[in-house]
Amino acid sequence: MLTRWYTRIIENSDDLAAIATLEAGKPLREAKGEVLYAASFIQFFAHEALRSTGDTIPSPHPQNKTRLWTVKQPVGPCALITPWNFPLAMATRKIGPALAAGNSCILKPAPETPLSALALKLLANDAGIPNEAFQVLTADRENAKDIVGKELMADMRIRKVSFTGSTGAGIALMEQAAKTVKRASMELGGNAPLIVFNDADIDKAVEGCVGAKFRNAGQVCIAINRVFVQSSVHDTFVNKLVARMKSLRIGNGFDSNTTIGPLITPLAVERVQSIVNATIAVGAQLTFQSTISDAVRESGGNFFPPTVLTNVTDSMPVFQSEIFGPVVAISKFETEEEVLSRANNTPYGLAGYVYTRDVSRVHRVSEALEVGMVGVNETAISNELGPFGGVKLSGVGREGSKDGIEEFLETKYVSLGL
Ligand code: ADP
């Protein structure tokens with residue numbers, strides 16, 4: 001059934017992409033990429049379902065009087081709660097392993113993007129997945145928290161919650177889930193550093209920065225939030241980045257020239273603007289800001305121009321908060337030791353990115369960064385095969401990969417006396 005669902009998603013990819021662009025605003029090209037990314041989780045976990053195997057364990061008794069083994073069983077009905085930034089992929093990354101492990105699930109999509117979830121459900125049912133196995137429960141912002149979240153967390157029948165969203169909401173859900181001792185997987189906020197060492201391929205670093213900063217207009221939990229550039233290459237990096245940013249086109253996601261769409265809500269634009277203002281007020285320099293054409297501005301979308309801030313220091317608002325917008329904040333550093341301590345000086349730990357050609361440094365830095373995922377000389381790190389997840393306030397558990405299905409399985413141990 002999962003394999004059939006995968007096929008239906010691919011067959012309907014143009015429609016799904018159009019729905020995601022309508023709901024979330026992202027450029028259609030990115031939405032098409034998201035459909036493939038979303039579908040990949042269904043295909044991958046359809047295969048992974050065949051590998052949910054237990055162990056046989058040697059008897060500890062001298063006379064070999066027992067036989068011990070384990071079986072993998074579904075954890076039980078799952079509550080899956082997803083955000084609006086990847087309305088298709090965040091859903092399939094949870095539904096895929098939940099169903100592959102043999103669980104039923106209820107998906108509560110974000111209030112901003114319910115249609116993507118409903119479209120996925122239509123295709124799932126079409127592929128033969130029963131209504132009872134995968135349900136979608138939509139809710140507006142208040143009901144999501146006050147009724148749906150509370151109800152699902154209090155219900156003893158729900159044995160697992162998998163959530164992607166803000167750290168505050170994740171903590172609230174974990175507290176509620178504790179009363180019924182549910183398993184919890186949490187993909188929460190990030191504050192990803194990009195570290196560019198003086199031996200890096202600067203063109204590659206600029207390209208990586210553009211990819212992981214402006215995808216989905218920066219509304220990505222693994223988006224680069226803090227850029228640290230070693231002093232001798234700082235100015236070159238900034239100049240090349242600004243030159244590259246001049247080719248970004250802000251506009252309607254359905255316009256084929258658009259590379260950056262609107263932010264999700266007017267409030268999101270206000271929030272990013274206030275972070276930028278507060279950072280400039282304490283001494284950062286506004287080095288570059290893209291222009292938004294009059295036609296685009298007058299269309300009334302929630303547009304924020306791609307922006308570069310330099311001379312940023314660690315205590316400034318733009319380094320302290322998850323920007324979730326197209327703003328690059330850059331700071332100079334001198335030594336590896338200094339930058340590691342600064343990069344780790346945050347309660348978050350989702351992704352980190354490093355550009356260097358020194359192989360020893362690759363090992364030192366990737367091991368020392370307090371994050372769940374490291375991109376070395378690349379920033380396109382998300383795919384169905386790699387374990388996605390964070391440490392510290394960025395979450396618990398992993399999604400995708402062979403680890404992703406484990407989160408939805410219990411290990412039952414059987415001891416047989418002979
Ligand atoms: P964002 O700031 O991106 O909207 P949130 O963490 O507030 O992120 O929301 C992510 C998802 O979690 C959305 O689907 C939202 O409705 C849901 N959500 C947030 N808080 C709760 C809660 N207490 N109970 C259930 N769902 C919640």
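## Sheet

Three strands make up an open sheet, ordered 1-2-18, with antiparallel pairing; strands are DSSP runs of E of at least two residues and helices are runs of H or I of at least four, both numbered from the N terminus. Two strands pair if DSSP finds at least two bridges between them. The edges are strand 1 (56-57) and strand 18 (409-417), each pairing on one side only.

Strand 1 pairs with strand 2 (residues 66-74) in the antiparallel sense over 2 bridges. I57 has L68 in strand 2 as its bridge partner.

## Basis of the model

The model is predicted: local features need pLDDT of at least 70 and side-chain atom pairs count only at pLDDT 80 or more, while totals for chains, interfaces and linings use all residues. Residue numbers start from 1 along each chain as its sequence is written.

## Nonpolar core

The largest nonpolar core has 118 residues, and I195, C209 and V318 touch the most other members. Such a core is a set of buried Ala, Val, Leu, Ile, Met, Phe, Trp, Tyr and Cys residues joined through C-beta atoms within 7 Å; buried means that 20 or more other C-beta atoms lie within 10 Å of the residue's own, with C-beta atoms placed from the backbone. Helix 3 (residues 28-48) supplies the largest share of this core, 9 residues.

Leaving aside neighbours within four places in sequence, V318 is in contact (C-beta atoms, placed from the backbone, within 7 Å) with I275, V276, T279, A284, L309, V312, I323, V327 and A329.

Definitions and conventions
A residue is buried if 20 or more other C-beta atoms lie within 10 Å of its own, exposed if 12 or fewer, and partly exposed in between; C-beta atoms are placed from the backbone. Two residues are in contact if their C-beta atoms, placed from the backbone, lie within 7 Å.
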